[in-house]
Amino acid sequence: MIGTYRRRAGKPAGRRRRERPGGSAAVLVIFGIRVLYRVVGRGLLHCQRCGGDRPYRHRAGRHWLTLFFIPVIPLTKAGEHVQCTECGTCYRMGVLDLPTVAQMQAALPAGMTAAATTMLRAGDPGSSLARRRAISAIREAGLEGYDDDALTADLALAAEGIEDEQAPLASLAVQLALPAAEWFLADVVRIGLADGPLTAAERRAAAEVAARLGMTPAHARGVISMTEESATA
Ligand SMILES: [Zn+2]
């Protein structure tokens with residue numbers, strides 16, 4: 001008993017004051033709720049604050065019950081966002097739907113390559129006049145080193161039909177204003193016109209490209225016939 005008494009006497013005064021009249025000690029428990037985030041993905045976004053393409057981390061949050069500031073029990077989800085790793089700005093997930101500068105720069109040549117091969121396949125893919133016109137249109141769209149071998153390879157890929165040939169046009173349509181879409185379509189029509197008047201299949205190919213760019217059939221017909229007229233003038 002003496003030993004026991006001495007140990008009690010040695011306890012800090014503050015702790016002893018918390019002892020209740022019945023003899024049981026009151027225990028101070030600090031608990032709370034906090035949100036913790038974990039990184040579930042990474043990639044590249046166009047950060048409006050930095051003004052360019054920057055790496056991001058995709059963070060998902062969860063509420064946790066904490067005991068003495070230590071998370072112990074996971075609770076409900078607490079939303080997710082993407083964060084620029086350069087400046088720390090957080091964005092809603094919708095920001096990933098916007099194209100990055102790199103994607104925008106790649107969309108035009110990719111879209112023109114898709115449209116040009118569509119038009120060539122609808123007509124005569126072996127026609128040197130049409131091929132030359134197609135190569136020139138793809139170079140003007142940004143692929144300066146594009147040549148006949150590259151075109152042969154792209155035509156072969158399109159013929160295999162492994163990828164959706166028109167998919168690059170859908171990406172391009174998001175960022176192409178209407179006058180630019182008209183210019184783009186006229187360029188594609190001129191590939192078909194390079195070796196003579198448009199065939200029915202070439203006309204269908206042009207209409208398909210126009211539809212992918214979001215143009216109405218009437219609008220497409222207008223651009224197609226204007227391009228034909230200016231080619232024969
Ligand atoms: Zn940033």
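View 1. Phe69 counts as exposed, because 9 C-beta neighbours lie inside 10 Å; a residue is exposed if 12 or fewer other C-beta atoms lie within 10 Å of its own, buried if 20 or more do, and partly exposed in between, with C-beta atoms placed from the backbone. The model is predicted: local features need pLDDT of at least 70 and side-chain atom pairs count only at pLDDT 80 or more, while totals for chains, interfaces and linings use all residues. Residues are numbered from 1 along each chain as its sequence is written. Phe69 is placed in the loop between E2 and E3, and its phi is near 70°, a positive value in a residue other than glycine. Phe68 is found in the loop between strand E2 (52-67) and E3. Phe68 is also exposed, with 10 other C-beta atoms within 10 Å, and its phi, near 50°, is positive although the residue is not glycine. Strands (E, at least two residues) and helices (H or I, at least four) are DSSP runs, numbered from the N terminus.

**View 2. The open sheet of four strands.** The strand order is E1-E2-E3-E4, with antiparallel pairing. Strand E1 (31-47) and strand E4 (90-91) are the edge strands, each pairing on one side only. Two strands pair if DSSP finds at least two bridges between them. Strand E3 (residues 70-84) is joined to E4 by two bridges, and these strands run antiparallel. Which residue of E4 is the bridge partner of Gln83? The partner is Cys90.

**View 3. Arg54 and its surroundings.** Arg54 lies in strand E2 and counts as partly exposed, because 17 C-beta neighbours lie inside 10 Å. Its C-alpha is 8.4 Å from that of Gly43, a residue 11 places away in sequence. Leaving aside neighbours within four places in sequence, Arg54 is in contact with Leu45, Cys47, Cys84, Thr85 and Glu86; contact requires C-beta atoms, placed from the backbone, to lie within 7 Å.

**View 4. Helix H3 against helix H8.** The axes of H3 (residues 101-122) and H8 (residues 200-212) come within 8 Å and cross at roughly 160°. Axes are lines fitted to C-alpha atoms, for helices over the stretch in contact, and angles run from 0 to 180 degrees between N-to-C directions. H3 and H8 are therefore roughly antiparallel to each other; angles over 145 degrees count as such, under 35 as roughly parallel, 65 to 115 as roughly perpendicular, and the rest as oblique. Residues of H3 in the contact include Ala115 and Met119, and those of H8 include Ala205 and Val209.

**View 5. Helix H3 against helix H6.** The axes of H3 and H6 (residues 167-175) come within 8 Å and cross at roughly 130°, which means that H3 is oblique to H6. Among the residues that meet are Leu108 and Ala115 in H3, and Leu169 and Leu172 in H6.

View 6. Buried residues of H7 include Phe184, Leu185 and Ile191. The cover over the buried residues of H7 includes H3, H4 (128-140), H8 and H9 (217-232). Helix H5 (residues 148-160) has 13 residues and reaches 19 Å from its first C-alpha to its last, close to the 18 Å expected. Just after H5, Gly161 takes a positive phi of about 65°.

Note on methods:
Expected span 1.5 Å × (residues − 1). Contact = placed C-beta atoms within 7 Å.
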